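Here are my notes from going through the model you sent over.

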Amino acid sequence: MITEIGHFALILALAVAVVQAIVPLIGASRGDVAWMRVGGTAATVQFLLIFIAFLALMHAQVTLDFSVLNVVQNSHTHKPMLYRITGVWGSHEGSLLLWVTILSLFGMAVAVFGRNLPPGLKARTLSVQAMVGVGFLTFCLLASNPFLRVNPAPINGDGLNPLLQDPGLAFHPPFLYLGYVGLSVAFSFAVAALIEGKVDAAWARWVRPWTLAAWTFLTIGIAGGAWWAYYTLGWGGWWFWDPTENASFMPWLIATALLHSAIVVEKRDSMKGWTVLLAIIAFGFSLLGTFLVRSGVLTSVHSFAVDPKRGVYILGLLVAYLGGAFALYGIRAPSLRLGNGLFSPISREGGLLLNNVLMATGAATVMLGTLYPLIVQAVGGGKISVGPPFFDSVFVPLMMPMLLVLGVGPLLSWKRADLGAALGRVKLAAVIAIATVIITWFAQGGSLRLWWAAGGMGLAAWLAIASFLELAERLRLFRAPLAESWRRAIRLPRSAWGMSLAHGGLALVVAAMFGSTAWQSQSVQNQKIGQTVTVGGYGFTLKGIRNVKGPNYSAQQATFVVTQDGRQVAVLHPQQRHFVMPPVPTTDAAIQGTVFGDVYAVLGGPAGPDSWVTRIYFNPLMPWMWVGAGMLALGGFASLSDRRHRVGAPKRARAAATAAHPAGA
Amino acid sequence: MRRLVYLLPVIIVLGMAAFFYRGLHINPSIIPPVLVNKPAPPTDLPGLPGHKGLKTADLMGHVSVVDVFGSWCFACAEEHPTLVAISKTDVVPIYGIDWADKPADAIAWLKRHGNPYARIGMDPSPARTVVAWGVTGAPESFIIDRHGIIRYKRIGPITPDIWLHTMLPIVRELQQ
Amino acid sequence: MKRILLLAVLLLFHFVTPAWAVDPDEKLKNPALELRAERLGDGLRCLVCQGESIEQSNAGLAKDIRVIVRQRIMEGETNAQIKRYLVSRYGDFILLDPPFQDRTLVLWLGPFALLLVGLLGAGGYLRRRSRSPTPPTPLTAEEKRRLDGVMRQGGA
């Protein structure tokens, strides 16, 4: 019964979305306020209906209603409650339902938080958002319906892939979707602006917080996925340039570019056409990712089951939305009033423009590498692979100049800057960076083989110190009394904090990326109980193995004591798990972070009496990766909480400024 | 001209969509064989106990089918009745390459499902011969002409339909 | 039926070995040669997993190819010979690092061409953005200084 309510709610939501797509648009073109207002109400109703459908599916999953096909295919009585809940988005149908739920959530958020938006822009934005909704709701109902019943209902289900029964994997998709789908708002704003034929600083101010929110969630989602890969796949890798990963990385790169170019539109009334284009492309990459992951056009470890019919449908949506938006852009962009912000090449704008060129080139490179095998095959050129070596040797070097610019960019003034003076202010960073290169070089024995690692560490040091110096200068740290710096720190706009956090976080990520790739040490062996293996200067002693039981698996669990110079550093408990349904073995690595790196142990099968196959790693600097990713996300949130960016800000900020009470509440 | 630049994104999207549409109709998990129309790789496998082994010379002078299987392979069991039926027609000899198997397992498996193979060569792990044949999974089968050249490769189980409409005509033509 | 098919596909590619990549006994005794084998293996695709290299994969075929690579190294073959052998069996698909050839021209050069186009586009944009709105009559040093002052104070 509840399942049918969910199904019916989804159908109603489609009807509401159709109304939301049409009525406000007509209202906006006629200037009819009542018609325009329909958008906000419809957006709220649409979300509530889809949320009911989402809850209905969750109910079916939690109560293990095996008369629902989706539950049969993805669940089992042995499945723990946590994974019954997260199992809602563990299947193709369920994850698509989550997709539309989040889409409508953002639609409602625009309606609720966008009270101060010009009514025309708001109506058109909501209408475009609903147009996207109509397509995906139809897809949900026709080709990917999670509410289909089976008759007769089987006694039990097929189970969920044990690899998916993991907190890391269970929770990162919602963040990814919040990111992916969140970019739909930027898209809707861009298309609405093109329909209106007006892009100005106010538009950029509206679009930025939404992009920032989506970017932050996407950052968390990508980092979560990398973390999951790092500890489940059991050999210390965290990024594979797999099509599914690339699918989330491309929109991230473009969203990053968009965040920065929107600043230029807002502050300097330049780069407007480009920014609108980026807003469309960012969501375009989300759609492309959805297509790649769900159509099976590129097989990948994580993608959902292959179904060409669904692929054709999503391809149709991709062409309709992206093609439509681009066509509108082609018609309207030439007549967009060119901004009047003039600037010289050496200026903040110039730096941000270079950032944009590099980010866009980076995204295009990832796209080229991801799609190239498909293109070659489609033109009859046979089958080739484009794997990590390609991306490492093309994408990574392409991004390195950006780190150089990033160190000095924030110090450049708008319009026209003095590069020499800016560089002078970060002299210390340059000195430390060069010292880092030299020290790293000698520390790794002066060998030429890992020259890039020394360079990478130097760039990371450059970016970290330069970002810190920029912040220190704003706070007059070490130049003024500490109390003065403290006062400045509190007064510093949150967006400035956000920028410093994000740039500093990126430096840590870069350091971890190079460090863990260049200096990982590993050892695979048959290890006797009591035997010690030394890896990366740490001694790993296998103390014993015991059998443990999980909710739906049994496991062998090893106990390792990790010591350094005779001092105990960590106790690790890696497991080899055997799931009941479906019967698949998985490894559960045990990891303990230190300042210098992760000690990482994996347990394999028995290799004789009292002897087990073990895999031991030392992954240098890996904890920095997660701290850095955390700082990126925190930077996003900090910036988002800046009252100048807060949605609906202009009016409130003005009110706050006149009030006696200081702002920031 | 300037307008055209602004329309570039639409053109790119439409072009990409065309590739995607084609891509949707290509099965990404099938790796195109490179060995078709090339001589069968050098093969010298000992026989499964109680069976004749398989050498390159055994493939000369007549048309044959070489089938890679294993007792651990679920899809091989699915294909097996078809092979047994083919072997009963005496149209073409089927030679087996038993991949990464324990002899006892293979013998028991053949006892249960029947034996369509005129020769069975054993290729235990690391299966150098299986790799030399460019095999990615079991079952895979090849049609070899009388000069020992591979003329056709089937990835996945042979179904009656595949046999009757694709493979048998090739065998007949090669036997002319 | 679809479920059975899926199961068939899964089992067709024999995933039945435990989730375990490189085995200790596969390793070569000589650490330099073992390192060479690992580097080589990192660039070879596990054909049945489609996303991983053979060094990362647990699939039986990946293990077999790992061992064959090591056997060939011990037999004194060069990396290029081993790669050529595997390509002759499985095609270029097995190489994760696509070789530079006609059909990969766009792949390898495309990113740099795009960067160039991007930089040229940005350069053109910058020229238009930084052009002074006054007619191109030569300015005296004094005028120029004044103009710069105006520009710095905010807008045209």
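1. Let's start with one proline. A:Pro173 touches A:Trp89 and A:Ser95, leaving aside residues up to four places away in sequence. Keep in mind that this is a predicted model. A:Pro173 sits in helix 7 of chain A, which covers residues 167-196. Is A:Pro173 buried or exposed? The cut-off for buried is 20 or more other C-beta atoms within 10 Å, and A:Pro173 has 21, so it counts as buried. For orientation, A:Val62 is 111 residues away from A:Pro173 in sequence, and the two C-alpha atoms are 19 Å apart in space.

2. Helix 5 of chain A (residues 92-113) packs against helix 7 of chain A at an angle of about 50°, and the axes are 9 Å apart. Angles from 65 to 115 degrees would be roughly perpendicular and those under 35 roughly parallel; this pair is therefore oblique. The crossing of helix 5 and helix 7 of chain A is right-handed. On the helix 5 side, the contact residues include A:Ser95, A:Leu98, A:Trp99 and A:Phe106. From helix 7 of chain A, A:Pro173 takes part, and so do A:Pro174, A:Tyr177 and A:Leu178, among others. What classes of residue make up this contact? There are 12 nonpolar and three polar residues, and no charged ones.

3. Chain C has a helix pair to set beside that. Helix 2 (residues 31-42) and helix 3 (residues 60-74) of chain C pack at an angle of about 135°, with 10 Å between their axes. That angle makes helix 2 of chain C oblique to helix 3 of chain C. Here, too, the crossing is right-handed. Helix 2 of chain C brings C:Leu33, C:Arg36, C:Ala37, C:Leu40 and C:Gly41, while helix 3 of chain C brings C:Arg66, C:Val69, C:Arg70 and C:Ile73. By class, that contact has five nonpolar residues, one polar and three charged.

4. On to the sheet in chain B. Five strands make an open sheet in the order 5-4-3-6-7, with mixed pairing. Which strands are at the edges? They are strand 5 (119-123) and strand 7 (150-155) of chain B, each of which pairs on one side only. From one strand to the next, the twist averages 20°.

5. Strand 3 of chain B (residues 64-69) deserves a look of its own. Six of its six residues are buried, and both faces are covered: B:Ser64, B:Val66 and B:Val68 lie on one side, with B:Val65, B:Asp67 and B:Phe69 on the other. Strand 3 of chain B runs antiparallel to strand 6 of chain B (residues 140-144), with five bridges between them; B:Asp67 is the bridge partner of B:Ser141. Strand 4 of chain B (residues 94-99) in turn runs parallel to strand 5 of chain B, joined by five bridges, with B:Gly96 partnered by B:Ile120.

6. Back in chain A, have a look at strand 9. Eight of its 10 residues are buried, so strand 9 of chain A is largely enclosed by the rest of the structure. Strand 8 of chain A (residues 590-593) pairs with strand 9 of chain A in the antiparallel sense over four bridges, and a hairpin of three residues joins the two. Strand 9 of chain A is also antiparallel to strand 10 of chain A (residues 611-620), over eight bridges. In the hairpin of strands 9 and 10 of chain A, which has four residues between the strands, A:Gly608 takes a positive phi near 130°.

7. Last, where chain A meets chain C. The contact takes 51 residues from chain A and 40 residues from chain C. Strand 9 of chain A (597-606) is one of the elements that each supply at least two residues to the chain A side. Helix 12 of chain A gives the most, with 12 residues. The chain A side divides into 25 nonpolar, 21 polar and five charged residues.

Definitions and conventions:
Residues numbered from 1 in each chain as written. Chains lettered and ligands numbered in written order. Predicted model: local features only at pLDDT ≥ 70, side-chain atom pairs only at ≥ 80, totals over all residues. Contact = placed C-beta atoms within 7 Å. Nonpolar A, V, L, I, M, F, W, Y, C, P; charged D, E, K, R; others polar. Pairing = 2+ DSSP bridges. Axes fitted to C-alpha atoms, helices over the stretch in contact; angles between N-to-C directions. Buried ≥ 20, exposed ≤ 12 C-beta atoms within 10 Å, placed from the backbone. Parallel < 35°, antiparallel > 145°, perpendicular 65-115°, else oblique. Left-handed = near helix turned anticlockwise from the far one by under 90°.
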